[in-house]
Amino acid sequence: MSIRNKVQLVGRLGQEVDYKTFANDGKLARFSVATNEAYRDKNGEWQEETTWHRLVAWGSVAERVAKQLQKGNMVLIEGKLVNNEFTDSNGIKRYTTEVQVETFMLLEKREQYAMATVEDRGGHSKEDAYKSSADETELPF
């Protein structure tokens with residue numbers, strides 16, 4: 001039996017992606033995702049709790065994240081937990097946990113995507129944007 005470090009999150013991006021490139025053709029994308037959980041408290045009232053997750057992507061995944069994701073998008077993220085240790089400027093040891101993104105999927109309705117891309121298409125109508133995004137995804141069978 002194989003023991004794996006695997007994380008799956010569905011949430012919304014809380015900020016624009018911070019994308020950096022390095023001299024050795026390295027690519028890094030950092031961003032955060034919020035997940036929500038609803039539960040009943042001891043009085044039977046519904047409560048909602050938001051948890052923020054720090055995410056990091058490297059290489060071609062980082063490049064795709066930077067091109068395809070923006071603040072507010074709902075995404076499915078798969079990756080692994082990575083624990084980091086560092087010493088801050090006061091000499092205190094600190095620990096962080098991040099999700100290293102291995103794959104992701106944008107979970108938006110096509111109409112929402114089309115509306116978001118109208119500005120990118122030189123001011124064409126919503127229908128034109130929808131038509132052109134639908135044409136790009138037609139299957140060959």
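A nonpolar core is taken here as a set of buried Ala, Val, Leu, Ile, Met, Phe, Trp, Tyr and Cys residues joined through side-chain atoms within 4.5 Å. Buried denotes under 20% relative accessible area, exposed over 50%, and partly exposed the range in between (1.4 Å probe, protein chains only). The structure is a predicted model, in which local features require pLDDT of at least 70 and side-chain atom pairs count only at pLDDT 80 or more, whereas totals for chains, interfaces and linings use all residues. Residues are numbered from 1 along each chain as its sequence is written, and side-chain values use heavy atoms, with hydrogens and water left out.

The protein chain contains three helices and six strands, defined as DSSP runs (helices H or I, at least four residues; strands E, at least two) and numbered from the N terminus. Along the sequence these elements follow the pattern β-β-β-β-α-β-β-α-α. Of the 141 residues in the protein chain, 28% are buried. With contact defined as heavy atoms within 4.5 Å, residues 24 or more positions apart provide 51% of the contacts that have a separation of 6 or more. The accessible surface of the chain, computed by the Shrake-Rupley method with a 1.4 Å probe and, for residues, with only the protein chains shown counted as cover, is about 10,400 Å², and carbon and sulfur atoms account for 48% of this surface.

The largest nonpolar core comprises 18 residues, and those with the most contacts inside it are Phe 31, Val 65, Leu 69, Ile 77 and Val 101. Two or more residues are given to this core by each of strand 1 (7-13), strand 3 (27-40), strand 4 (46-58), helix 1 (59-68), strand 5 (74-87) and strand 6 (93-106). In soluble globular proteins, nonpolar side chains tend to be buried together. When residues up to four places away in sequence are not counted, Phe 31 touches Val 65, Leu 69, Ile 77 and Val 101, together with Leu 13, Gln 15, Val 17, His 53, Arg 54 and Leu 55.

Charged side chains were examined next. The structure holds eight salt bridges, each defined as a side-chain nitrogen of Lys or Arg within 4 Å of a carboxyl oxygen of Asp or Glu. One of them joins the side chains of Arg 54 and Glu 98 (3.5 Å, N to O). This pair links distant parts of the chain, with Arg 54 in strand 4 and Glu 98 in strand 6, 44 residues apart. Arg 54 is partly exposed because its relative accessible area is 45%, whereas Glu 98, at 6%, is buried. A polar contact of 2.5 Å also connects the side chains of Glu 98 and Arg 30; such a contact is a pair of N or O atoms within 3.5 Å, where within protein one must be able to donate a hydrogen and the other to accept it, and residues adjacent in sequence count only if both atoms are side-chain atoms.

Asp 88 is buried, with a relative accessible area of 18%, while Arg 94 is partly exposed at 39%.

In the loop between strand 2 (18-21) and strand 3 lies Asp 25, which has a positive phi of about 65° although it is not a glycine. Asp 25 is exposed, with a relative accessible area of 58%.
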